[in-house]
Amino acid sequence: MVVGLIIAVVLFVLWIGILNAYSEQIRHSRLILQVLYWYHVVFFFIYYFAFGGGVDSRRYFNDSQRLADEGWFSFLTVGTDFVKFLTYPLVNYLNLGYESIMILFAFIGLLGIFFFYLVIVENIRYRHRIAGIDLLAIFLFLPNLHIWSVSLGKGSLMTAGLGIMFYGISNLKTRLVLTFVGAGLVFMVRPHLIAFGLAGGLIAYFLTPNLTLKQRTLGITITLLLGIVAFNQFSSIINVDDNSVEGITEFIDERAGSLSQADSGVDISNYSQPMRLFTFLYRPLFVDAPNAMGYLVSLENLFYFYLSIKLFLSKTFYRFLIKSRWVVKSSFFTFFLTSLAMAQIMTNMGIALRQKAQFYMLFLFVVLCFADYYFAQNKKPLFGE
């Protein structure tokens with residue numbers, strides 16, 4: 001643990017360097033972002049002690065150590081093994097301990113949050129507040145965003161991958177390499193999310209005006225080709241022998257059934273599609289909170305529900321969505337399609353919290369972009385003073 005704390009201090013120095021490198025894009029006080037670093041470290045300790053060091057994280061670490069004779073590149077495959085691939089040299093070549101590697105992965109998760117921050121600030125013009133508090137600052141400190149991005153595992157990698165990818169596509173001409181780095185990271189960890197991202201991008205293409213036929217054709221062709229690759233990887237990971245609708249349906253039913261048996265499981269077999277989506281996005285919501293932590297999560301879910309009401313009950317939102325930049329539309333449809341798909345199987349609320357934390361920033365990004373548009377159109381804030 002001592003070595004881990006030393007690494008945390010060294011990474012803070014690196015964090016200061018990163019803030020300096022992106023100083024022209026940063027709108028908030030440097031102190032807020034410095035506090036954000038240590039806030040993230042606090043959640044590392046919360047995760048470490050609350051979850052017994054992290055069962056999944058321990059498994060990644062132990063397997064990388066126990067299976068050292070198999071060689072580093074034997075783990076270079078998509079899914080769980082890719083986490084072990086990244087862990088292998090840290091364990092076997094640098095001889096880092098478990099806590100030290102956890103701190104490194106927590107830093108990777110923080111970078112993802114920071115890149116999401118950069119995407120937001122370069123796509124909005126105004127500062128938006130709720131009860132006098134800066135809304136973007138609230139987003140940066142949401143607990144669920146941090147607790148699932150501080151461990152050795154897929155959560156931190158997914159947060160980083162999505163953040164880097166959407167920062168890249170926010171200015172694709174100058175950040176093509178970053179886009180591929182982020183997308184590659186997401187693909188190696190959870191290829192099915194790339195499929196949803198591509199589908200969201202494809203819908204955004206269809207809804208984006210002023211594109212030439214050549215641009216549309218090229219974009220749609222690339223998206224479809226990459227989507228086929230991602231879908232095939234997803235099918236192989238979930239062990240579906242064929243790519244038929246029946247095969248996928250059987251997997252969904254089996255997965256949903258197994259997850260509903262857990263302590264925080266919910267039987268969604270008789271739920272309508274809107275109720276399944278509501279359960280995934282906004283529960284637990286006080287009445288079904290299992291413990292004190294559940295009430296804290298419920299408070300955050302209530303906040304998300306409030307933001308959703310402000311968006312979807314506003315007629316202006318749908319006009320904004322059509323007129324918005326491609327990156328905004330792509331973010332919205334990626335979030336919506338991923339949520340819809342996850343809602344079919346994520347009947348365990350604990351697992352759902354971990355899964356949705358990795359892409360909820362896409363929704364928060366859309367919220368702030370809409371708040372910007374609303375203020376420009378109506379000369380009054382969407383969320384009050």
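Author: Let us go through confidence, helix packing and salt bridges in turn. Keep in mind that this is a predicted model.

Reader: Happy to start with confidence. What is the mean pLDDT of the chain?

Author: pLDDT is the predictor's confidence in each residue, from 0 to 100. Here the chain has a mean pLDDT of 82, and 82% of its residues reach 70 or more.

Reader: Which elements have the lowest and the highest mean pLDDT?

Author: The lowest belongs to helix α12 (residues 245-259), with a mean of 44, and the highest to helix α5 (residues 98-121), with 95. For residues 237-262 the pLDDT is below 50, and this stretch has 30 contacts in the model beyond near neighbours in sequence.

Reader: Now to the packing of helices. At what angle do α1 and α5 pack?

Author: Helix α1 (residues 2-21) packs against α5 at about 20°, and their axes are 9 Å apart. Angles under 35 degrees count as roughly parallel, so α1 is roughly parallel to α5. The crossing of α1 past α5 is right-handed.

Reader: Which residues meet there?

Author: From α1 come residues including Val3, Ile7, Leu11, Trp15 and Ile18, while α5 brings, among them, Ile103, Phe107, Leu110 and Phe114. By class, this contact of α1 with α5 has 14 nonpolar, two polar and no charged residues.

Reader: And α3 with α5: how are they placed, and at what angle do they pack?

Author: Helix α3 (residues 55-66) and α5 pack at an angle of about 115°, with their axes 11 Å apart. The two helices are therefore roughly perpendicular to each other. α3 also passes α5 in a right-handed crossing. On the α3 side, Ser57, Arg58 and Phe61 take part, meeting Tyr98, Glu99, Ile101 and Met102 of α5. This contact of α3 with α5 divides into four nonpolar, one polar and two charged residues.

Reader: How do the axes of α9 and α10 cross?

Author: Helix α9 (residues 176-189) and helix α10 (residues 191-207) have axes that come within 5 Å and cross at roughly 130°. That makes α9 oblique to α10. Ala183, Val186, Phe187 and Val189 of α9 meet Pro191, Leu193 and Ile194 of α10. The contact of α9 with α10 has seven nonpolar residues, no polar and no charged ones.

Reader: Last topic, please: how many salt bridges are there?

Author: Side chains of opposite charge can pair when their charged atoms come close. In this model the count comes to six salt bridges. One of them joins Asp63 and Arg66, whose closest N and O atoms are 2.8 Å apart.

Reader: Where do Asp63 and Arg66 sit relative to each other?

Author: Both are in helix α3, and because they are three residues apart there, about one helical turn separates Asp63 from Arg66.

Notes: Residues numbered from 1 in each chain as written. Predicted model: local features only at pLDDT ≥ 70, side-chain atom pairs only at ≥ 80, totals over all residues. Heavy atoms only, no water. Helix = DSSP H or I, 4+ residues; strand = E, 2+ residues; numbered from the N terminus. Contact = heavy atoms within 4.5 Å. Axes fitted to C-alpha atoms, helices over the stretch in contact; angles between N-to-C directions. Parallel < 35°, antiparallel > 145°, perpendicular 65-115°, else oblique. Left-handed = near helix turned anticlockwise from the far one by under 90°. Nonpolar A, V, L, I, M, F, W, Y, C, P; charged D, E, K, R; others polar. Salt bridge = Lys/Arg side-chain N within 4 Å of Asp/Glu carboxyl O.
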